[in-house]
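The following explanation is intended for a reader meeting this structure for the first time.

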Amino acid sequence: MGKKKAIKLATATAIAASAFVAVAPTQSEAATSSVDKAITKATNQMAKAYDTYHKAAKDEKTLPKTATIRNEVKLANDYYTAATKEIAKNGGSKTQKATYTKKLEAKKYFLDRAEAYLAAVNTNLNPEKTAFNEAVEGGKQKTVLAAQTAYNKAIEGFEAKVDKIYGPDARNLLKEKYAAPAHKLVDSVNDEMKVYNAYKQIEGEKLIEKDLKKAGEVIESVKAEVAKLKAKDTKLAKNILVAVEKNDKAYEAAQVPVVKEVSAVNAKSIKVTFSKAIDDTKAKFEVKRGTIKPTVKEIKFSEDKKTATIEFSTVMAEGEYTVNVTGLTDEVLTGKTTVAAEKLTNIKFLSDAAVLSTDDIVAKVTAENQYGEDITSKLNTSTNSNITVTASKGTGTSIDKDGNLKVTGSANEFKADDKVVVTVVDSSTGITATKTLTVAKAAAVESIVLGELKTDDEELAKKTVNVSNMSTNGNKYYVPVTVKDQYGNTLKAADLAGVTVVSSNNNIVKPKASPFKDTKNGTVIELDTPTATATHGTAVLTVIASGTGKTANTSIVVKENSKLDNVTLEAPSTTLKAGVAAELPVSITNTYGEGVALKDVNVSANVANTELTLDTNTKISAIGATLKVEQDYVNKKAVLKVTPSAKNITITVVTATGKSQVLNFKAEDAPVPAGIKGLDKDFVSLLANDQTLTTDLKSAVEFTDQFGEEIVQPTFDAQDANNTASDLDFTIKAKDANNNVTDYNSATANGVISSSANAGTETYEVVLKEGTKVLDTMEVTVSVVDADKLTAFGIDDLNKFYTGATSAKHNQQVTVHGLLNGKKVKVKQSMVADVSANNRLKIGSDGAFTIATASDVIDTDGKDVASTLTVLVANSKNTYTVSKEVTYSDAAPVAKSLVAKYNGKEVSGAVQVAADTYDLSDSNADFHFSAKDQYGVAKTTGLVVVGTNAETGNSVTGTSVTLVPTKSIQLNVRIDGLSTSIKAIGE
């Protein structure tokens with residue numbers, strides 16, 4: 001019991017002592033209390049600031065006043081700062097301070113959220129809004145676009161701040177109150193700006209001139225918006241519509257033509273009508289009837305170039321004809337028409353008389369088809385079993401190819417004035433013709449009517465009928481003649497036996513020995529070259545019918561050859577330069593006051609080419625220059641060229657009538673290289689790091705002369721060894737001799753730079769110099785790319801693959817290139833690890849495509865089949881897969897393009913060619929026709945050449961054409977149903 005009492009006593013003492021200490025706390029305990037209070041105050045205020053916006057938004061669906069939240073956030077920041085300071089001052093030990101800080105920061109997110117809210121509501125959109133409204137009111141598209149862009153950017157900035165706010169309710173309320181109306185306002189001109197940007201693109205990229213298809217797509221993309229603008233009555237909309245109207249009109253004007261109609265115009269021809277005039281030199285026609293391609297004889301264009309008439313070699317068969325026109329647009333223009341087989345639709349007797357011919361009688365009949373064309377030859381009873389002829393008298397009937405209907409009679413069966421009923425029937429069409437003919441005496445010439453002298457040569461028709469023209473081109477002139485018998489029938493050349501033509505003076509006008517000829521325009525009297533020596537004057541041409549004594553005559557005046565009276569030269573329009581030919585404009589009139597084209601003047605030159613003689617009696621001489629007349633047969637003109645050989649030039653003209661002119665000119669120095677223009681567009685400046693790869697810098701350099709015009713390269717001085725004052729050349733040097741990125745040995749490389757194993761860049765300098773004087777320089781950078789660092793590759797372009805048969809010329813090789821920042825890098829093809837293709841296309845793993853045996857043939861039924869080409873390209877680091885969409889087909893190769901080429905350049909319409917014989921199917925000939933099939937491969941067989949309108953000396957044999965100087969021939973060329981034509985003139 002004594003021990004328990006002791007314990008109780010000790011406890012009571014301790015309690016008493018404790019109560020005594022609490023009455024007076026220590027300084028350390030007081031400090032701790034102030035820290036807790038500061039933290040509590042701060043955390044409570046931070047929570048209050050947060051609740052100010054969050055609870056209002058979430059619970060009341062409203063937003064606090066900006067001033068209220070701003071004040072609460074300020075207090076929270078102040079209390080937070082005060083608490084931070086209190087912890088630093090009175091927080092005790094380092095460990096205790098850390099504990100207090102952690103407690104304070106645990107509630108800091110309330111302040112962060114409140115500050116995020118405040119940052120959003122502090123955003124002011126009014127400046128951008130005001131600027132936008134003012135811009136729209138002003139109506140200037142560019143200003144509105146800039147203001148709209150700025151306003152949108154400000155709105156986006158506001159929304160970005162809103163998105164950082166905690167709590168979807170507050171975010172949604174802020175966007176609804178501020179962002180939504182701003183969007184509505186700024187989007188109010190979206191239609192205007194979409195249209196403005198579209199037409200700005202059309203004008204800025206010059207799409208109407210460069211890419212009409214894309215221009216159409218852009219116009220179509222804003223069609224609905226343009227319609228809306230037309231309903232608005234605002235300055236902005238009206239200003240934009242001005243640009244719309246201007247560009248729409250330009251687009252319509254530039255629109256490619258379309259085929260409006262295809263129709264048959266006669267038994268052998270169809271007419272293609274276009275929506276607008278086309279370029280007849282570019283249009284290529286293909287005509288099909290089902291799978292058959294009729295042979296085209298000739299294509300003629302109307303003067304306005306809106307229609308093309310395609311004439312076939314034979315009468316069109318029945319069926320649907322499809323016309324495809326290429327060369328005018330990127331797309332094929334197509335039109336169709338259904339053609340009925342040619343049929344006889346009308347048989348007609350030309351008179352009521354049947355003329356006695358011994359015991360028989362003869363009448364004239366004709367026939368027409370559905371196009372109104374004469375097809376009298378189809379009435380020929382010896383070749384057409386469908387034609388039957390019956391007569392009320394006689395022993396037999398027949399019709400020959402010329403429509404001469406004969407009723408055979410026995411002796412004295414037919415007498416004058418007898419009536420004979422004749423019927424002609426075509427059993428295939430049911431067409432009939434019946435006529436009661438009166439037997440008449442034999443036909444005789446009753447009347448002769450002569451027309452005026454004519455020629456079908458357009459150029460000759462423009463000239464005066466003088467001794468020179470009649471002597472040179474007498475056989476191109478003719479006189480129309482109409483001869484009728486007593487029954488009113490017009491007689492043809494074959495009916496004019498006993499009719500003669502005489503001239504009063506064969507030295508002036510001379511008819512041919514057999515003068516009469518039937519033409520499509522009637523019968524004519526053909527003339528010949530006058531009997532030497534030709535002279536001028538009036539000749540009377542008389543036609544005499546010996547059987548009836550009927551005559552007719554006409555007078556033809558052939559003028560004396562004129563003399564050149566005035567020859568006026570003008571100063572050249574270009575700068576005269578030593579050694580460079582320039583045109584001297586010239587105008588000529590003769591003694592009749594008529595203008596004379598230089599091409600129609602006979603010109604000869606002296607040995608030195610310093611004097612020209614025109615028509616034997618007019619002289620043009622030059623001092624300090626040479627003279628030459630160049631004939632341009634294509635454009636049917638001639639030009640006078642002067643080539644300076646000295647600084648000062650004097651040209652003197654003296655005409656046949658003594659009139660003269662003297663001109664003095666000064667010539668500039670001869671053009672020489674004076675500057676470096678740049679590099680050819682195909683120069684390769686990126687090489688992979690393989691020493692076998694090269695790029696030709698020398699050949700790529702382009703130069704200009706002292707007049708700023710491009711000029712041929714001067715001599716290449718590989719080692720910069722030519723240093724005399726007269727040496728004008730260029731050289732290539734590495735800027736840094738120690739740079740080993742590329743390899744260039746000036747002694748052996750001849751301007752070709754080789755790659756190396758080292759990636760990097762090396763700069764070369766191209767130096768144009770005259771002796772030691774540097775005229776111009778240009779730096780060229782060649783980069784070597786580490787092939788192991790290339791991560792992008794491309795497959796070079798390929799043609800469609802032909803899989804129908806073995807054909808070495810249709811073999812193809814897959815090759816690749818690297819890509820660095822979108823630019824091609826020349827790489828070694830050994831990087832190709834594998835090549836494959838899907839959908840049955842067979843490609844060798846090395847990229848080689850060939851149809852070696854029959855087992856390699858892939859049947860596609862003539863259709864194009866798509867395949868994906870896959871190439872594995874490997875460097876030492878990675879392997880990359882590159883793919884490309886290709887097509888293949890077993891359709892037999894047929895020509896899809898056909899062009900004429902002369903000296904390597906495409907020509908069309910008309911071309912002046914050196915007089916010679918050319919095989920037009922030989923691609924090595926200077927003048928030839930080049931065809932390519934649907935696989936992009938030259939087509940060399942099947943070319944057909946038809947020569948028409950050939951002037952004397954020009955001819956076509958097979959695929960070869962012979963051209964003589966100054967003479968022309970129309971070459972009509974076809975292959976696989978594709979045709980083109982060109983006028984070739986010998987030079």
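**Strands, helices and rings**

Strand E19 is joined to strand E22 (residues 537–545) by 5 bridges, and the two strands run antiparallel. The model under discussion is a predicted one. Within this pairing, Val502 has Thr542 in E22 as its bridge partner. In general, the strands of a sheet pair through backbone hydrogen bonds, in either a parallel or an antiparallel manner.

E19 and E22 belong to an open sheet of 3 strands, whose order is E19-E22-E23 and whose pairing is antiparallel. Strand E19 (499–503) and strand E23 (551–558) are the edge strands, each pairing on one side only. From one strand to the next, the twist averages 15 degrees.

Another antiparallel pair is formed by strand E1 (residues 259–266) and strand E2 (residues 269–274), which 6 bridges join. A hairpin of 2 residues leads from E1 to E2. Asn266 stands opposite Ser269 in E2.

The account now turns to the helices. Helix H7 (residues 141–162) has 22 residues, which at 1.5 Å a residue should span 32 Å; the C-alpha atoms at its ends are 31 Å apart, which agrees.

Helix H2 (residues 27–59) contains both Tyr50 and Tyr53, which are 3 residues apart, about one turn of the helix. An α-helix has 3.6 residues a turn, so residues three or four places apart point the same way. Tyr50 and Tyr53 are both buried.

Aromatic rings form the next topic. The structure holds 19 aromatic pairs. One of them is that of Tyr50 and Tyr53, an edge-to-face pair with 5.6 Å from centre to centre and 85 degrees between the planes. These two residues also belong to one aromatic cluster, together with Tyr109, Phe110, Tyr117 and Tyr166.

Where do lysine residues meet aromatic rings? Lys577 lies over the face of Phe707, at 4.5 Å from the ring centre. Lys800 lies over the face of Tyr935, at 5.6 Å from the ring centre.

Terms used: Residues numbered from 1 in each chain as written. Predicted model: local features only at pLDDT ≥ 70, side-chain atom pairs only at ≥ 80, totals over all residues. Heavy atoms only, no water. Phe/Tyr/Trp six-rings, centres within 6.5 Å; stacked < 30°, edge-to-face > 60°. Helix = DSSP H or I, 4+ residues; strand = E, 2+ residues; numbered from the N terminus. Buried < 20%, exposed > 50% of the residue type's maximum accessible area, 1.4 Å probe, protein only. Lys NZ or Arg CZ within 6 Å of the ring centre and 35° of its normal. Expected span 1.5 Å × (residues − 1). Pairing = 2+ DSSP bridges. Axes fitted to C-alpha atoms, helices over the stretch in contact; angles between N-to-C directions.
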